[in-house]
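Dear colleague,

I am handing over a structure that may be new to you. Please find the sequence and the model below, followed by an account of what was found.

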Amino acid sequence: MKKQGGFLMSQIRHLSGRTWEKMLKDSGVDMFNGAQGRILYVLWEHGQLTITEIGKLTSLAKTTLTSMLDRMEAAGLIERVPDKNNRRQIFIVITDKAKAYREKYDQLSEQMNDVFYAGFAEAEIRDFEDKLRRIIENLE
């Protein structure tokens with residue numbers, strides 16, 4: 001049997017990324033791109049994080065993150081805040097401007113899930129996501 005999991009995941013990533021970018025643009029949420037949205041999402045969920053923590057949660061490389069965070073800071077979406085107990089440690093926090101996008105982003109995420117899982121039963125979704133988590137564990 002020829003295995004095509006990696007190829008299929010690559011196709012899904014490409015197509016879903018294109019769909020997500022279009023959804024963001026069509027909704028007027030063009031302040032950030034999909035990868036920056038992942039950064040905002042983990043910050044919305046966790047409050048403040050270090051660059052290393054953001055990298056682990058988003059699977060983005062530190063070099064990629066640094067330039068993205070620079071652009072997000074210039075756009076007024078995040079701030080870098082020194083740790084009061086360790087001046088070498090920097091936390092990334094979201095601004096009020098970024099917080100204002102949360103509700104719309106969550107709505108778009110639900111719409112994207114509806115597109116992604118159209119025609120799937122709840123049991124199929126759980127099974128599929130369990131298998132994806134196993135693949136992630138294998139890769140880590």
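Arg-80 is partly exposed, with a relative accessible area of 26%; residues count as buried under 20% relative accessible area, as exposed over 50% and as partly exposed in between, with a 1.4 Å probe and protein chains only. Please note that this is a predicted model, in which local features need pLDDT of at least 70 and side-chain atom pairs count only at pLDDT 80 or more, while totals for chains, interfaces and linings use all residues. Residues are numbered from 1 along each chain as its sequence is written, and side-chain values use heavy atoms, with hydrogens and water left out.

Arg-80 is located in strand S1. Helices (H or I, at least four residues) and strands (E, at least two) are DSSP runs, numbered from the N terminus. Leaving aside neighbours within four places in sequence, Arg-80 is in contact with Thr-66, Leu-69, Asp-70, Glu-73, Ile-90, Phe-91 and Ile-92, where contact means heavy atoms within 4.5 Å. Arg-80 and Leu-49 are 31 residues apart in sequence, and their C-alpha atoms are 9.8 Å apart in space.

**The protein as a whole**

The protein has seven helices and two strands. From the N terminus on, the order of these elements is α-α-α-α-β-β-α-α-α. The C-alpha trace spans about 55 × 35 × 25 Å along its principal axes. Of the 140 residues in the protein, 29% are buried. Among contacts between residues at least 6 apart in sequence, 50% join residues at least 24 apart.

**The two strands**

Strand S1 (residues 78–82) and S2 run antiparallel and are joined by five bridges; two strands pair if DSSP finds at least two bridges between them. Val-81 has Phe-91 as its bridge partner in S2. Strand S2 (residues 90–94) is largely enclosed by the rest of the structure, because four of its five residues are buried.

**Helix H1 against helix H6**

Two packed helices are described by the angle between their axes and the distance between the axes. For helix H1 (residues 5–26) and helix H6 (residues 102–116), the axes come within 11 Å and cross at roughly 140°. Axes are lines fitted to C-alpha atoms, for helices over the stretch in contact, and angles run from 0 to 180 degrees between N-to-C directions.

The crossing of H1 and H6 is right-handed, a term used if the near helix is turned clockwise from the far one by less than a right angle, with left-handed used if anticlockwise. On the H1 side, the contact is made by Ile-12, Ser-16, Thr-19, Trp-20, Met-23 and Leu-24. On the H6 side, Tyr-105, Leu-108, Ser-109, Gln-111, Met-112 and Phe-116 take part. Eight residues of this contact are nonpolar, four are polar and none is charged. Here Ala, Val, Leu, Ile, Met, Phe, Trp, Tyr, Cys and Pro count as nonpolar, Asp, Glu, Lys and Arg as charged, and the others, Gly among them, as polar.

The axes of helix H3 (residues 51–58) and helix H4 (residues 62–74) come within 10 Å and cross at roughly 110°. H3 and H4 are therefore roughly perpendicular to each other, and their crossing is right-handed. Ile-51, Thr-52, Ile-54 and Gly-55 of H3 meet Lys-62, Leu-65 and Leu-69 of H4 in this contact. By class, four of these residues are nonpolar, two are polar and one is charged.

Ser-59 lies in the loop between H3 and H4. Ser-59 is exposed, with a relative accessible area of 67%. Its phi is near 65°, a positive value in a residue other than glycine.

**Gln-36 in helix H2**

Gln-36 lies in helix H2 (residues 34–46) and counts as buried, at 8% relative accessibility. Beyond its neighbours within four places in sequence, Gln-36 is in contact with Met-31, Met-68, Arg-71 and Met-72. The C-alpha atoms of Gln-36 and Arg-71 are separated by 9.4 Å, with the two residues 35 apart along the chain.

With kind regards

How values were computed:
Parallel < 35°, antiparallel > 145°, perpendicular 65-115°, else oblique.
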